[in-house]
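Please work through the following exercises with the sequence and the model at hand. Each task is followed by a worked solution.

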Amino acid sequence: MEGAQVHPSAVCDEGCSIGQGTRVWHFSHVMAGARIGRDCVIGQNCFIADGVTIGDRVRIQNNVSVYQGVILEDEVFCGPSVVFSNVVRPRAAYPSKPNYEVTRVRKGATLGANATIVAGAVLGEHCFVAAGAVVRSNVAAFELVAGVPARHLGWVSVRGESLTFDSRGAARCPIGGDRYLLRDGELIQVD
């Protein structure tokens, strides 16, 4: 935890790993065995469970609990009150531990405020999950999804900008100028 900033009201159990430049804010709890990368922000009232892996430059806003089985790769953004689950059919009388589903959020993905991510989903690189969406299945790289359940609305650039395609299936990010091709339902970044 050397080089990390931990608010005095936060609890970071012995045995957790917190990278240099990471900030853990008020009333958050990081359990032993959790691994958090460099230059992350863990907002107020967050919970990071034992066994969770969080990459570098991840932003987790207030009131997010990241449970065992969840993997957040580099540069993931979790808006306020994002919900993760780790069991598909939970029952209090029949605990699932240690058989948690793995939920992976790939590099650069954005999860809007109050989005719910059901256990076992893989969210592709740079995808964008709108606020309040309920994700029950995988989301493709660069895909924009919204609603309950979450449905495909379009495609976004690495900057999160909506893309408009020409007749050849090509698009350019209106801000960064980077180019994309849509082929067989898959978006590919060209440069």
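The model is predicted, so local features need pLDDT of at least 70 and side-chain atom pairs pLDDT 80 or more, whereas totals for chains, interfaces and linings use all residues. Residues are numbered from 1 along each chain as its sequence is written, and side-chain values use heavy atoms, without hydrogens and water.

**Exercise 1.** Describe the hairpin of β21 and β22.

Step 1. Strands are DSSP runs (E, at least two residues) numbered from the N terminus, and two of them pair if DSSP finds at least two bridges between them. Strand β21 (residues 143–146) is antiparallel to strand β22 (residues 151–155), with four bridges.

Step 2. Leu-144 lies opposite Gly-154 in β22.

Step 3. Four residues separate the strands, and Gly-147 has a positive phi near 100°. The loop also holds Pro-149, which is joined to Val-148 by a cis peptide bond with omega of about -10°.

**Exercise 2.** Which residues have the most contacts inside the largest nonpolar core?

Step 1. Such a core is a set of buried (under 20% relative accessible area, 1.4 Å probe, protein chains only) Ala, Val, Leu, Ile, Met, Phe, Trp, Tyr and Cys residues joined through side-chain atoms within 4.5 Å.

Step 2. The largest has 38 residues, and Ile-48, Ile-60, Leu-72, Phe-84 and Leu-123 have the most contacts inside it.

Step 3. A second, separate core of seven residues includes Trp-155 and Leu-163.

**Exercise 3.** Is Phe-27 exposed or buried?

Step 1. Phe-27 is in the loop between β4 (23–24) and β5 (29–30), with a positive phi of about 60° although it is not a glycine.

Step 2. Phe-27 counts as exposed (over 50%) because its relative accessibility is 52%.
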